Structure formats: C-alpha cells, structure tokens
Amino acid sequence: MAPQNAARAANRMPPLVWDERLAHYAQWYANQRREDCALRHSNGPYGENIFWGGGDGWIPADAVAAWVSESKWYNYWSNSCAGGQECGHYTQIVWSSTKRVGCARVVCDGGKGVFMTCNYDPPGNFIEERPY
C-alpha cells in the first residue's frame, strides 16, 4: 500500500484504501494463473495491474515498484507514454477516481516464478482521459 499511496501523494491524490472484496477477487484470479503464470488480464469489472517475476523471492513491493517506475515514461501534457514504453500500470495507480485496491500473490507451479495482481475500484485508464 505504501508505495502506491506515495505515488498518489506525489500527484496530490488521496490514498487508496485496502478492500477485502478486491483482495479476494485478486486471489481468485492469481490462483487461476498459478499453473501457467501467464501475464493475462482477468477481464473482470475492476482496474488491474499484473506482474510476473522469475524465481520465488518477489514480494508485492517489487511489483508496485515496477509499476510506479513507469511514471518516467508518462507525459501528462500529451496524456501518453513515450514511444514503445508502457505506463498504464502507473496511470491506474494514480487514477483520480480510484478509491480502493486489493492485491494477491502466488508462487507458480513448477518453479515458473511469482504472479501478482492488484485490482482497483473504480477502474481507471479510460481512453483520452487523464489520470489526474
């Protein structure tokens, strides 16, 4: 929570609140990915960030750090990412109308790594809208 809320505070956004319903949804979906560790979205009703790391030492702060680091590629004035870069994970974290978050982590079968997901409500990342 702290790294996500620090990114929000840097943009004068109120902090996200942990939501057990979202955490249960995130855990349900992470369990679906346990077998293959595939970076596929759930296509559920929430905003969603997903992460995969090789090995089993990855912790949630690692995933959030990767997502927040995308801020360097986001240009507020053009409301776009630098060419060939990803910044949608970052913009979901700082989306102004998002209030709640729940996350989950699984170690994937057969040593395939770690899969983590966070779900956000209300969702963000609407085309042609700025996050804040």
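The link of Cys103 and Cys118 is right-handed, with 105° about the S-S bond. Their sulfur atoms sit 2.0 Å apart, and Cys103 belongs to strand E5 while Cys118 belongs to strand E6, so the pair ties together parts that are 15 residues apart in sequence. Keep in mind that this is a predicted model, where local features need pLDDT of at least 70, side-chain atom pairs count only at pLDDT 80 or more, and totals for chains, interfaces and linings use all residues. Residues are numbered from 1 along each chain as its sequence is written, and side-chain values use heavy atoms, leaving out hydrogens and water.

**Sheet**

- Four strands make an open sheet in the order E1-E5-E6-E2, with mixed pairing; strands (E, at least two residues) and helices (H or I, at least four) are DSSP runs numbered from the N terminus, and two strands pair if DSSP finds at least two bridges between them.
- Strand E1 (17-18) and E2 are at the edges with a single partner strand each, so one side of each has no neighbour in the sheet.
- E6 (residues 114-121) runs antiparallel to E5 (residues 100-107), with eight bridges, and antiparallel to E2 (residues 47-53), with seven bridges.
- Among the residue pairings, Val106 has Phe115 of E6 as its bridge partner, Phe51 has Met116, and Trp52 stands opposite Phe115.
- The hairpin of E5 and E6 has six residues between the strands, and Gly110 there takes a positive phi near 70°.

**Strand E6 and the cores**

- Eight of the eight residues of E6 are buried, where buried means under 20% relative accessible area, exposed over 50% and partly exposed in between, using a 1.4 Å probe and protein chains only.
- Val114, Met116, Cys118 and Tyr120 point one way from E6, while Phe115, Thr117, Asn119 and Asp121 point the other way.
- The largest nonpolar core has 17 residues, and Trp67, Ile93, Val101, Cys118 and Tyr120 touch the most other members; such a core is a set of buried Ala, Val, Leu, Ile, Met, Phe, Trp, Tyr and Cys residues joined through side-chain atoms within 4.5 Å.
- Helix H3 (60-69), helix H4 (88-93), E5 and E6 each supply at least two residues of this core, and the largest share, four residues, comes from E6.
- A second, separate core of nine residues includes Ala30, Cys37, Cys108 and Phe115.

- Trp67 is in contact (heavy atoms within 4.5 Å) with residues including Phe51, His89, Ile93, Cys118 and Tyr120, leaving aside neighbours within four places in sequence.
- Val101, found in E5, is buried with a relative accessible area of 0%.
- The C-alpha atoms of Val101 and Met1 are separated by 8.5 Å, though these residues are 100 residues apart along the chain.

**Disulfides**

- There are three disulfides in the structure, a disulfide being a pair of cysteine sulfur atoms within 2.5 Å, and they follow the pattern 1-5, 2-3, 4-6, with bonded cysteines counted along the chain.
- Cys37 is joined to Cys108, S to S 2.2 Å, and the torsion about their S-S bond is about 70°, so this disulfide is right-handed.
- Cys81 and Cys87 have their sulfur atoms 1.7 Å apart, and a torsion of about -90° about the S-S bond, so this disulfide is left-handed.
- Cys81 counts as partly exposed at 29% relative accessibility, whereas Cys87 counts as buried at 2%.
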